[in-house]
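Open the model in your viewer and keep the selection tool at hand. This tour goes from stop to stop.

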Amino acid sequence: VISMRWIVKIWCKLGVKNFLFSAAIPLYISLSILWSPNKLRAILVTGIVWLIWLVALNVLFGRKLKIAELQKILYLYLGSAALVSLFCILQCIADVLGLSRNYTLLCQGCTYMTFGFPHPNGFAIEPQFMGNLLLGPCIISLIIFYYNIKNKKRKSELLPSLLLCVFLNTTLYIIFSRGAIYSFVLAAAGVFIYHLVRRD
C-alpha cells in the first residue's frame, strides 16, 4: 500500500500499453467478483492479487527503498505478525475456556473438541493458511536473532529478538500446520547452511 505513491512514476516509465498489460490479470480477477457466488471472498482475493501486483511492479520498476524505509517496513511486518500471533494464542485460550466459535472466530473443525487441542487460524480461513502466513516472519526473526548473536549484541538488545523469535515460532507450532512446520524446518536448515558456507 505504501508503494502506491510511486504508481504514477511507474506508469510513465512503462507507458500506458505495458502498464495496462501488466494489470490484465488483476483486472480480470476484479471482474470475476460480478459472477462469483461468494462476493466477500472474491473481494478479499482480488485485494490480495492487486497488492501482489503492486509489489511486483515496485520491485521491478519502482524506486529503491532506503535502509530506514526498509527498517520501518520490517518493524511493521514483524509487529503485525506478533499481534496476529497473540490473537492466535488468545483464540486457543478462549476455546479451551468454552467460548463459542462466534466469539473465538475459529474455523469449523479447529476447536479442541476435534483433536483434543485447538488449532488457531487467526484471521485466515484455515490453520494451514495462517501457518503459511507466519513462515516469513518466523524465518526473518530467526535471521535477526542470528545476526544479533554474530554481532555480539548486549543482552538488552539480544533479548527482544530472542523473545520475538521464540514467540512467533511457538505460535507456528501451536497452529500445527504440518506443511508450514516442514517448510520452516527446511528454510531454517537452508539459512543455517548458507551462513555456514559463507563463513568459510
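Between which two helices does the loop with phenylalanine 176 lie? Select α9 (155-175) and α10 (178-199): phenylalanine 176 is in the loop between them. Helices here are DSSP runs of H or I with at least four residues, strands are E runs of at least two, and both are numbered from the N terminus.

Before going on, note that this is a predicted model, in which local features need pLDDT of at least 70, side-chain atom pairs count only at pLDDT 80 or more, and totals for chains, interfaces and linings use all residues. Residues are numbered from 1 along each chain as its sequence is written, and side-chain values use heavy atoms, with hydrogens and water left out.

**Two positive phi angles**

Stay on phenylalanine 176. Its phi is positive, about 60 degrees, although this residue is not a glycine. Most residues other than glycine have a negative phi. Phenylalanine 176 counts as partly exposed because its relative accessibility is 41%. (Buried means under 20% relative accessible area, exposed over 50%, partly exposed in between, with a 1.4 Å probe and protein chains only.)

Now select leucine 105. This residue sits in the loop between α6 and α7. Leucine 105 also is not a glycine, yet has a positive phi of about 65 degrees. At 45% relative accessibility, leucine 105 is partly exposed.

**The whole chain**

Zoom out. The protein has ten helices and zero strands. Its C-alpha atoms fill a box of roughly 55 × 55 × 25 Å along the principal axes. Of its 200 residues, 32% count as buried. The accessible surface is about 13700 Å², and 72% of that belongs to carbon and sulfur atoms. Such areas come from the Shrake-Rupley method with a 1.4 Å probe; for residues, only the protein chains shown count as cover.

Colour by charge next. There are 19 positive and 5 negative side chains, with the centres of the two sets 10 Å apart. Lys and Arg count as positive, Asp and Glu as negative; His and the chain ends are not counted. Each charge is placed at NZ of Lys, CZ of Arg, CG of Asp or CD of Glu.

**A buried aspartate and its neighbour**

Go to aspartate 95 in helix α5. Aspartate 95 is buried but has no salt bridge. (That would need a side-chain nitrogen of Lys or Arg within 4 Å of a carboxyl oxygen of Asp or Glu.) The nearest side chain of opposite charge, arginine 101, is 7.5 Å away. Among the residues that aspartate 95 touches are Thr104, Tyr112 and Thr111. Contact means heavy atoms within 4.5 Å.

Step across to threonine 111, in the loop between α6 (101-104) and α7 (112-115). Is threonine 111 buried or exposed? Threonine 111 counts as buried because its relative accessibility is 13%. Its contacts include Arg101, Phe117 and Pro118.

**The nonpolar patch**

Select Leu83, Leu86, Leu90, Ile93, Leu97, Leu99 and Tyr103: they make a nonpolar surface patch of about 780 Å². Patches are made of residues with over 30% relative accessible area and no salt bridge; like charges are joined within 9 Å, nonpolar side chains (Val, Leu, Ile, Met, Phe, Trp, Tyr) within 5 Å. Helix α5 (residues 67-96) gives the largest share, four residues. Leucine 83 lies in that helix and counts as exposed at 60% relative accessibility.

**Last stop**

Finish at glycine 136 in helix α8 (residues 127-150). Glycine 136 is partly exposed, at 27%. Draw a distance to tyrosine 77: the two C-alpha atoms are separated by 9.4 Å, with the residues 59 apart along the chain.

Technical notes. Lists of a residue's contacts leave out its neighbours within four places in sequence.
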